[in-house]
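My entries below follow the order in which I looked.

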Amino acid sequence: MRIVVTGAASGIGAATVRLLAAQGHQLVCMDRDAAALERVAGAQAAIPLDVSDEGAVIAAFREAGERLGGLDGLATCAGIYETTPFFETTAETFRKVHEVNVIGTFLCLREAARLMAPGSRICTVGSVAGLRGGGLAGTVSYASSKGAVLAMTKNAARALGERGIAVNTVAPGMIETPFVTQPLSDPDIRRRIEGMAIQNRLGTAEEIAQAIAWLLSPQSSFCTGMTLVADGGMVMH
Ligand code: NAI
């Protein structure tokens with residue numbers, strides 16, 4: 001398959017790039033961190049991109065379509081975290097998070113779908129924060145942004161269904177990546193979050209990459225508009 005991965009330079013996105021490349025897929029990797037992106041992409045194509053910049057997203061997907069000669073899959077892993085407490089959260093805090101997690105995800109969905117033929121598949125990255133309203137370490141603007149990703153995925157599944165494009169989301173629990181290094185550096189927070197999962201541990205980026213790869217593969221052919229919760233038994237959605 002010809003697949004674009006956003007947020008490819010780190011964590012879940014980087015693990016997804018490694019897995020999909022090992023499975024023999026042809027990738028275009030996108031991330032705003034150009035240096036790290038080059039390192040992760042290796043022999044695969046890399047296009048530096050800020051997913052919240054509409055003009056840049058349009059240009060990047062046009063370039064990806066030209067390089068790959070079309071597009072069969074998209075994984076939207078680009079995202080940012082936010083831990084500002086409720087009463088200190090401002091409109092600006094919300095805008096910053098939603099620009100990337102919500103608008104950035106939408107722009108990539110829209111531009112990828114333009115390139116796709118029937119049978120193509122999209123996987124977004126939500127979070128259990130979007131199902132539980134936060135409660136791990138992310139606060140109101142982050143939880144809201146991930147709730148929006150879950151609803152956006154279902155709307156995109158409806159809107160793109162008539163083109164034969166399937167759209168699903170993976171909702172990870174707490175995953176050990178640079179994303180959450182800061183909150184997890186507090187041992188009490190770490191223990192509390194580990195204890196919230198039946199498996200009593202954090203997940204790995206590789207475990208989420210496996211879920212994403214399955215949702216992009218023909219093995220998940222009867223799934224669309226679905227939320228695959230991969231959280232060690234925290235939400236049991
Ligand atoms: P990470 O911080 O390791 O990787 C995120 C990547 O997105 C980075 O390479 C960063 O440069 C890129 N990025 C951020 N803003 C961008 C922008 N505007 N344009 C392009 N690229 C941008 O984080 P991780 O853990 O791999 O997270 C990936 C996704 O998984 C995020 O959407 C996050 O919300 C979600 N997630 C992560 C969880 C965790 O515990 N780590 C839990 C649930 C969801």
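This is a predicted model: local features need pLDDT of at least 70, side-chain atom pairs count only at pLDDT 80 or more; totals for chains, interfaces and linings use all residues.

At leucine 49 I noted a backbone N or O atom 3.4 Å from a nitrogen atom of the ligand, while at tyrosine 142 an N or O atom in the side chain lies 2.7 Å from a ligand oxygen atom. I then looked up the area: the ligand taken alone exposes 830 Å², and the protein buries 94% of that.

Entry on the shell. I read that 28 residues lie around the ligand, with Ser10, Ile12, Asp31, Tyr142 and Thr177 coming nearest. By class, I found 16 nonpolar, 8 polar and 4 charged residues in this shell, and I noted that α1 (11-22) and α6 (140-161) each supply at least two of the shell's residues.

Which pocket does the ligand take? I found that its space is the largest pocket, which holds about 760 Å³. The lining of the largest pocket has 43 residues, and Cys77, Ala78, Gly79, Ile80 and Phe179 lie nearest its centre. Among the elements that give two or more residues to this lining I noted β2 (26-31), α4 (91-115) and β5 (116-125). Last, I looked up the second largest pocket, with about 160 Å³ of space; 16 residues line this second pocket, Leu202 and Gly203 being among the closest to its centre.

Key: Residues are numbered from 1 along each chain as its sequence is written. Side-chain values use heavy atoms; hydrogens and water are left out. A residue is near a molecule or strand if one of its heavy atoms lies within 4 Å of it. A polar contact is a pair of N or O atoms within 3.5 Å; within protein, one must be able to donate a hydrogen and the other to accept it, and residues adjacent in sequence count only if both atoms are side-chain atoms. Accessible areas come from the Shrake-Rupley method with a 1.4 Å probe; for residues, only the protein chains shown count as cover. On a 1 Å grid over the protein atoms alone, a cavity is a set of points where a 1.4 Å probe fits but cannot get out, and a pocket is an open set with protein on both sides within 12 Å along at least five of seven lines; lining residues have an atom within 4 Å of a point. A molecule sits in a cavity or pocket if more than half of its atoms lie within 2 Å of its grid points. Helices (H or I, at least four residues) and strands (E, at least two) are DSSP runs, numbered from the N terminus. Ala, Val, Leu, Ile, Met, Phe, Trp, Tyr, Cys and Pro count as nonpolar, Asp, Glu, Lys and Arg as charged, and the others, Gly among them, as polar. Grid points are joined across faces, edges and corners, and a volume is the space filled by probe spheres set on the points.
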